[in-house]
Amino acid sequence: MTDIWFYHLERTSLEQALPDLLEKVSSRGWKAYVHGLEEDMVTALDSHLWTYKPQSFLAHGREDAEFAARQPVLLGTSGKMANEPQVYLSVAPVDPPTLDGLERALIVFEGNDAAHLGWAREQWKRMKGEGLNLAYWKQNDDGRWEKMQ
């Protein structure tokens, strides 16, 4: 069964948190699909992942580009996951595709966005009702992730 982890952003922005999450995914040898809602958001994340760290970058691509299926991290809005990832990351209030067969799904939502927060709560309630394996992670005062019980 896929582990579904909810990440509640309160201290950092998505742009700050996403590279760290993706680096952890990559360090396990896993591929990831990052699911956004709007092309503008995907374009901004794409640019950010090339420049967030001056000494390196996170290999990634967009689903509308050539060789999308080969990308270790694929960004898109379709939810089709052409790179056959082990990890799915939702970064916008968009219904996830079927998560069967994945190692993990990360639902990353911003606490200061009422619509995104409300959507995440609805997803939690629905998935909990389906008996899925859920975990909730929240940032502490230092911005570090803590698993809540």
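1. Basis of the model. The structure is a predicted model, in which local features need pLDDT of at least 70 and side-chain atom pairs count only at pLDDT 80 or more, while totals for chains, interfaces and linings use all residues. Residues are numbered from 1 along each chain as its sequence is written, and side-chain values use heavy atoms, with hydrogens and water left out.

2. Length of helix H2. Helices (H or I, at least four residues) and strands (E, at least two) are DSSP runs, numbered from the N terminus. Helix H2 covers residues 39–51, and its 13 residues should span 18 Å at 1.5 Å a residue; the expected span is 1.5 Å times one less than the number of residues. The end C-alpha atoms lie 19 Å apart, which agrees.

3. Val42, Leu45, Asp46 and Leu49 are the buried residues of H2. Viewed down the helix axis, the buried residues fall within an arc of 105 degrees, so they line one face of H2; the arc is that of the directions from the helix axis to the C-beta atoms. Asp40 and Thr51, on the other side of H2, are exposed.

4. What covers that face. The cover over the buried residues of H2 includes helix H1 (14–27), strand E3 (61–62) and strand E4 (73–76), where contact means heavy atoms within 4.5 Å.

5. Positive phi in two loops. Most residues other than glycine have a negative phi. Phe67, in the loop between E3 and E4, has a positive phi near 65 degrees. Phe67 is partly exposed, with a relative accessible area of 44%. Glu84 is not a glycine either, and its phi is positive at about 50 degrees. Glu84 belongs to the loop between E4 and strand E5 (87–90) and is exposed, at 65% relative accessible area.

6. Lys80. The loop between E4 and E5 also holds Lys80, which counts as exposed at 69% relative accessibility. Lys80 and Pro96 are 16 residues apart in sequence, and their C-alpha atoms are 9.9 Å apart in space.

7. Tyr7 and Trp137. Rings of Phe, Tyr and Trp (its six-membered ring) pair if their centres lie within 6.5 Å; planes under 30 degrees apart count as stacked, over 60 as edge-to-face and the rest as tilted. This rule gives eight aromatic pairs. In one of them, the rings of Tyr7 and Trp137 have centres 5.9 Å apart and planes at 10 degrees, so the pair is stacked. The pair links distant parts of the chain, with Tyr7 in strand E1 (residues 3–9) and Trp137 in strand E7 (residues 133–139), 130 residues apart. Tyr7 is buried at 7% relative accessible area, and Trp137 is buried at 17%.

8. Tyr33 and Tyr88. This aromatic pair is stacked, at 6.4 Å centre to centre with 15 degrees between the planes. Tyr33 lies in strand E2 (residues 32–35) and Tyr88 in strand E5, so the pair ties together parts 55 residues apart in sequence. Tyr33 counts as buried at 0% relative accessibility, and Tyr88 is buried with a relative accessible area of 0%.

9. An aromatic cluster. Trp5, Tyr7, Trp137 and Trp145 form one aromatic cluster. The charged end of Arg104 sits over the ring of Trp5, 3.9 Å from its centre; this requires NZ of Lys or CZ of Arg within 6 Å of the ring centre and within 35 degrees of the ring normal.

Terms used: Buried means under 20% relative accessible area, exposed over 50%, partly exposed in between (1.4 Å probe, protein chains only).
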